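User: I'd like to learn how to read a structure like this one, feature by feature. Could you walk me through it?

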Amino acid sequence: MTLITNIQEQGLEGLDHNVITAPIEQLVNWARARSSWPATFGLACCAIEMMATGGSHYDLARLGMEVFRASPRQADVMIVAGRVSQKMAPVLRQIYDQMMEPKWVISMGVCASSGGMFNNYAIVQGVDQIVPVDVYAPGCPPGPETLLHAINTLHTKIESGELLQRREESGAGANLTVEQLDGQGVPQLVKIGKRA
């Protein structure tokens, strides 16, 4: 009865938002979040973890990401997995430029995010110097759980429309860092005692 009363008093504004009455922008963002196709950019050991995430145990198909695209024109999420050399940087930028708008970037691992242990002239010290990064997945290498957490965070922000607003305002990525969920932490020193 309250639904009919709301409709009589307020018209369509009295209805809760659903598939029929939702604003078109919300529907488009919902569809974008559930049909994002990744353009892989696996460069080092993080790429093995990215491949494991696409396997049957973690099942990226439930997120609408089972099709890793070889053509950047068919992709809208770039997962940069591993260290980026200075020679590879222009190629990375070219692939990013060929992707259709709107597009998003996940930086996977400390080497892609900050150069990692490779603090030298040959490795780019952070992929954010080349492309705008939306989500950082920490770890060396981050496990599939951490990458899934980064993907879910990205999907949440795509659906809310927040990423496009940030991109319009600043021209940069969202720079979100997710929590590492795969059990890797700071290595602990183990004391080795004498045997009795």
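**Reading the model, feature by feature**

Analyst: Let's start with a charge and a ring: Lys103 lies over the face of Tyr96, at 4.2 Å from the ring centre. Keep in mind that this is a predicted model.

User: And ring against ring? How many aromatic pairs does a search of the whole structure find?

Analyst: Zero aromatic pairs turn up in the whole structure.

User: OK, let's zoom out. What is the secondary structure of the chain?

Analyst: Count the elements, then read their order. Here you get seven helices and five strands. Along the sequence the pattern runs α-α-β-α-β-α-β-α-β-α-α-β. Then look at what the contacts join: taking contacts between residues at least 6 apart in sequence, 77% join residues at least 24 apart. As for burial, 40% of the 196 residues in the chain are buried.

User: How should I think about a nonpolar core, and which residues touch the most other members of the largest one?

Analyst: The general idea is that in soluble globular proteins, nonpolar side chains tend to be buried together. In this model the largest nonpolar core has 23 residues, and Met50, Ile79, Ile106, Met108, Leu147, Ile151 and Leu154 are the ones touching the most other members. Helix H3 (46–53), strands E2 (77–81), E3 (104–108) and E4 (135–137), and helix H6 (144–160) each supply at least two residues of this core. H6 gives the largest share, six residues. Apart from this core lies another, of 18 residues, including Ala75, Val80, Met99 and Ala112.

User: Pick one of the core residues. What is Met50 in contact with, leaving aside its neighbours within four places in sequence?

Analyst: Leaving those neighbours aside, Met50 contacts Thr40, Gly42, Phe68, Ile79, Ala81, Met108 and Leu147.

User: H6 came up a lot. How do I check a helix, and which of its residues are buried?

Analyst: At 1.5 Å a residue, the 17 residues of H6 should span 24 Å, and its end C-alpha atoms are 24 Å apart, so the two agree. Its buried residues are Pro144, Thr146, Leu147, Leu148, Ala150, Ile151, Thr153, Leu154, His155 and Ile158. Just after H6, Gly161 takes a positive phi of about 85 degrees.

User: Now helix H4 (89–98). Is Ala89 buried or exposed?

Analyst: Ala89, found in helix H4, counts as buried because its relative accessibility is 10%, under the 20% cut-off. Leaving aside neighbours within four places in sequence, Ala89 is in contact with Val84, Val124 and Ile130.

User: On to cysteines. How many disulfides does a search of the whole structure find?

Analyst: Look at the sulfur-to-sulfur distance, with 2.5 Å as the limit. The search of the whole structure finds zero disulfides. Cys46 is in none, as the nearest cysteine sulfur, that of Cys45, is 5.0 Å away. Cys111 is in none either, and its nearest cysteine sulfur, from Cys140, is 5.5 Å away. For burial, Cys46 counts as buried at 4% relative accessibility, and Cys111 is buried too, at 9%.

User: What about the backbone? Which residues does a cis peptide bond join?

Analyst: A cis peptide bond joins Glu101 and Pro102, with omega about -10 degrees. Another joins Cys140 and Pro141, where omega is about -15 degrees. Pro102 is in the loop between H4 and E3, while Pro141 is in the loop between E4 and H6.

User: Is Glu101 buried or exposed?

Analyst: Exposed, at 57% relative accessibility. The C-alpha atoms of Glu101 and Arg73, 28 residues apart along the chain, are separated by 9.7 Å.

User: Last one: where is Asp59 found, and what is its phi?

Analyst: Asp59 is in the loop between H3 and E2. Its phi is near 55 degrees, a positive value in a residue other than glycine. At 31% relative accessibility, Asp59 counts as partly exposed.

Conventions
Residues are numbered from 1 along each chain as its sequence is written. This is a predicted model: local features need pLDDT of at least 70, side-chain atom pairs count only at pLDDT 80 or more; totals for chains, interfaces and linings use all residues. Side-chain values use heavy atoms; hydrogens and water are left out. Buried means under 20% relative accessible area, exposed over 50%, partly exposed in between (1.4 Å probe, protein chains only). A nonpolar core is a set of buried Ala, Val, Leu, Ile, Met, Phe, Trp, Tyr and Cys residues joined through side-chain atoms within 4.5 Å. Helices (H or I, at least four residues) and strands (E, at least two) are DSSP runs, numbered from the N terminus. Contact means heavy atoms within 4.5 Å. The expected span of a helix is 1.5 Å times one less than its number of residues. Rings of Phe, Tyr and Trp (its six-membered ring) pair if their centres lie within 6.5 Å; planes under 30 degrees apart count as stacked, over 60 as edge-to-face and the rest as tilted. A charge sits over a ring if NZ of Lys or CZ of Arg is within 6 Å of the ring centre and within 35 degrees of the ring normal.
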